[in-house]
Amino acid sequence: MDNVTGVANPQSGGARRSLLRRSGPAGAQILGVGSYQPERVVTNDEMCTMIDSSDEWIRQRTGIAERHWAGEDESLLTMMERASRRALEHAQVEASQIDTIVVSTVTWLKQTPAIAPLLGAALGCPTAAAYDISAACAGFEYALAQADGLVRAGAAGHVLIVAADKLTDLTDLTDRSTAFLFADGAGAAVVGPSDVPRIGPVVWGADGEQGDVITMSSDWLTAMRTGVPSTITMEGRKVFRWATTTIADVAQKVLDVSGVSADELDLFIPHQANNRITDSMLRHLTLPDSVLVARTIERTGNTSASSIPMAIDTLYHSGDIRPDATALLIGFGAGLVYAGQVVILP
Ligand code: UT7
């Protein structure tokens, strides 16, 4: 981060035509991962006291058996702080070493300030550059792409990326098209310098023409004026079709640009949206049986941006990730947006 190149004073007295610039290391890497899942477990049976559905239907159509909902003492900031502390501990990095915080969330319900500076203050790095991004269920991969670029450009030394959502704040828990899917959680990772690239090139994009298939029922101004709360609405079938066609191709492109063959993968960790979407991607990718496929949705539901770092952390805790494991990450969601990378995990 201190490497500054260029000519300090190119021509005394004349017009300046160039500036000093920083240069960074050859690569960046994930140094540690952490997550936080709220205490309260909501089973499908409990869910079905709120919507007209059944445990069997939810399991068959999505793979979800239960989800966790945040309680009164589990605010978005609290969940982020807990996940971040675990990531810092895993990375063996002190909060004071973090110079940049990138938070990805769609459920921070204050327009300003962003939640990232508040998180920095809570963690003990109040002067770190800190900002929020909004990339829904691809939020972790968007943040990871930014952290990778910031580190390699020399603009940041250690970046804390936090992907967290408290979707229950924006879900109509009586809406049978969304309520059984969405849940709460937080994931975090510490990204730092590396002599070699351990975060592969991102493949990302958006299809704003389908911006209305996952959206809010109204904007905040309308909600304030009418007193009718705004909640997330989703045309599930359209999202499903898009995910099982476009995103499967994206996953293959990620492998191609990273120079990684399916045989070299240890883990496939797609956004935990629906096991049937994961199955469809697997048919397209034809991964060898040795690749461990994350299916943590069974115990988490769809936790939006946090689903991938939560899955990584869960797999660490179950002993399913060996050091230097190669993982394919693919996130996709409202926007519609998507992003994916191959990473070598710590
Ligand atoms: O994370 C952001 C990205 N989001 C996603 O990736 C979500 C993608 N979409 C999905 O995962 C699926 O579309 C859902 C799980 C949301 C829905 O599954 P589906 O197989 O697409 O169901 P559907 O909407 O096509 O409905 C099939 C049937 C219908 O009944 P009929 O018309 O066949 O008699 C629905 O009325 O299932 C019925 N149905 C339900 N039944 C019980 C719809 N919702 C429910 C429900 N419980 N909650």
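Me: Buried area is the accessible area (1.4 Å probe) that two parts lose on being put together, summed over both. About how much do domain 1 and domain 2 bury between them?

Reply: This is a predicted model, in which local features need pLDDT of at least 70, side-chain atom pairs count only at pLDDT 80 or more, and totals for chains, interfaces and linings use all residues. Residues are numbered from 1 along each chain as its sequence is written, and side-chain values use heavy atoms, with hydrogens and water left out. The assignment, automatic or from a database, places domain 1 at 27–194 and domain 2 at 203–344. Carbon and sulfur atoms carry 63% of the buried area, and the total is about 3,500 Å².

Me: Which residues of domain 1 lose the most area to domain 2?

Reply: Three residues together account for 18% of what the domain 1 side buries. They are C137, E141 and L170.

Me: How many residues of domain 2 are in contact with domain 1?

Reply: Contact means heavy atoms within 4.5 Å. On the side of domain 1, 48 residues take part, and their partners in domain 2 number 40.

Me: Which residue forms a salt bridge with E66?

Reply: A salt bridge requires a side-chain nitrogen of Lys or Arg within 4 Å of a carboxyl oxygen of Asp or Glu. The count between domain 1 and domain 2 is 1. For E66, the closest N and O atoms are 3.4 Å apart, and the partner is R299.
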